[in-house]
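The sequence and the structure come first.

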Amino acid sequence: MPSVSIARFETEIIKNYKAKRRAPKTVSQIKQVLRELRAVGVKHTSQVTDSAIADWIEAWPERSPETFRSHLRCLSAICTRLKKHGYVRLDPFEVDGVADWMRLDSRPSAPKRRWSKPADQVRRVLALADEEAAAGEWIAERDRAYAYTLFLTGGRPGEIQRLQISDFNRDERTLTIRAHWITGRAGRRFWWKPKTVGSAATMPIGNHLVGILDPWSRRVAYGSRRGRLLFHGCVDLFPGVRLFGPWTGGGPGESPLDRIKALGERAGVRDLTNKAARKGLGTYRGIELTPQGRRDYMRHADVATGDLYDEQTVEERRGDALKIERFFIGAQA
């Protein structure tokens with residue numbers, strides 16, 4: 001098959017990805033990469049060559065290596081598709097891989113942000129959630145149940161927010177991450193699925209979390225059966241304030257991220273995010289998860305992926321240096 005225009009190929013690949021319900025961010029990244037290739041003179045698929053990739057990299061000298069490697073992985077997937085359709089004779093990434101094109105130290109990196117928070121700060125946040133929920137207010141109880149589920153399971157925020165009441169099994173003490181139908185705005189239904197096929201799993205949870213989710217799930221189900229606000233028969237474990245659809249957004253200050261951040265600030269913990277929970281499970285040595293245990297619990301494809309979640313500071317690793325000293329020279333801390 002001959003070369004085609006980048007514009008025609010973009011139409012084809014976007015239609016294909018949307019039909020397969022790929023994540024909107026993935027579709028957006030494909031559009032960005034193809035747009036930038038056109039900006040450096042790539043008008044037809046046959047022009048996607050080593051030279052074009054080099055021109056593309058040089059055209060954005062201020063872009064961090066981490067970001068560029070993400071875009072290169074996207075372009076690699078694009079090139080695989082180009083080769084399968086016969087739109088290019090040679091896939092450039094069959095010769096040089098992503099790491100060959102862009103080493104992580106090949107240009108200045110953006111300052112690395114630590115997402116996780118010290119464990120004692122997380123304990124303060126959870127204690128405050130307990131205190132505020134004691135008054136019995138619906139929003140405060142939802143904040144508490146959501147925060148505990150987030151920090152005690154390390155689940156991805158999008159997965160936690162889309163849990164349904166039926167995904168919680170009190171007797172088996174489990175939460176199940178699974179693909180399911182979701183009813184959104186204006187009654188539109190769509191099929192939601194976890195990040196990867198391997199992300200779908202039944203996760204064990206502890207007694208304390210069961211003790212929080214059991215009365216909370218009953219409150220949601222009972223309140224919606226009584227017609228609280230607009231909806232009857234809510235199925236979501238963490239619904240929006242109207243009990244219609246999962247709690248994934250909200251007005252200013254009312255989204256899950258905003259509520260968690262505000263809870264953190266009231267507890268004296270600044271810049272607390274949803275991501276802090278999952279990152280924390282990969283960081284806290286005191287939990288004593290083995291590499292394999294961390295992989296299984298966080299539902300990663302391999303052990304190495306979990307290493308990316310380790311945000312221990314230099315000071316937190318000093319104990320290892322002292323152990324080495326004591327082994328060789330008997331040095332005292």
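## Terms and basis

A residue is called buried when its relative accessible area is under 20%, exposed when that area is over 50%, and partly exposed in between, with a 1.4 Å probe and protein chains only. The model is a predicted one, in which local features need pLDDT of at least 70 and side-chain atom pairs count only at pLDDT 80 or more, while totals for chains, interfaces and linings use all residues. Residues are numbered from 1 along each chain as its sequence is written, and side-chain values rest on heavy atoms, with hydrogens and water left out.

## Overall make-up

The chain contains 14 helices and five strands, these being DSSP runs numbered from the N terminus, with at least four residues of H or I for a helix and at least two of E for a strand. Of its 333 residues, 41% count as buried. The chain exposes about 18700 Å², of which carbon and sulfur atoms supply 53%; accessible areas come from the Shrake-Rupley method with a 1.4 Å probe, and for residues only the protein chains shown count as cover.

If a contact is taken as heavy atoms within 4.5 Å, then among contacts between residues at least 6 apart in sequence, 62% join residues at least 24 apart.

## Nonpolar cores

A nonpolar core is a set of buried Ala, Val, Leu, Ile, Met, Phe, Trp, Tyr and Cys residues joined through side-chain atoms within 4.5 Å. The largest has 39 residues, and Phe151, Leu213, Leu237 and Phe238 have the most contacts inside it. Elements that each supply at least two residues of this core include helix H6 (119-133), helix H7 (138-153), strand E2 (174-177) and helix H9 (207-225). Apart from this core lies another, of 30 residues, among them Ile6, Ile13, Leu34 and Leu75.

Leaving aside residues up to four places away in sequence, Leu213 touches Ala145, Thr149, Phe168, Leu175, Ile205, Leu237 and Phe238.

## The three-stranded sheet

Three strands form an open sheet in the order E1-E2-E5, with antiparallel pairing, where two strands pair if DSSP finds at least two bridges between them. Strands E1 (168-169) and E5 (201-204) are the edges, each pairing on one side only. Four bridges join E2 to E5, and Ile177 has Ala201 in E5 as its bridge partner.

In the loop between E1 and E2, Arg173 has a positive phi of about 55° although it is not a glycine. Arg173 is partly exposed, with a relative accessible area of 40%.

In H10, the buried residues are Pro256, Arg259, Ile260, Leu263 and Gly264. They cover an arc of only 135° around the axis, so they lie on the same side of H10; the arc is that of the directions from the helix axis to the C-beta atoms. These buried residues pack against H6, H7 and helix H8 (157-161).

The loop between H10 and H11 holds Asp271, which has a positive phi near 55° and is partly exposed at 39% relative accessibility. Thr273 lies in the loop between H10 and H11 but is buried, with a relative accessible area of 10%. Beyond residues up to four places away in sequence, Thr273 touches Arg113, Trp115, Leu257 and Ile260.

## Cysteines

With a disulfide taken as a pair of cysteine sulfur atoms within 2.5 Å, the count comes to zero. Cys74 is in no disulfide, and the nearest cysteine sulfur, that of Cys79, is 9.7 Å away. Cys74 is buried at 9% relative accessibility, and Cys234 is buried with a relative accessible area of 7%.
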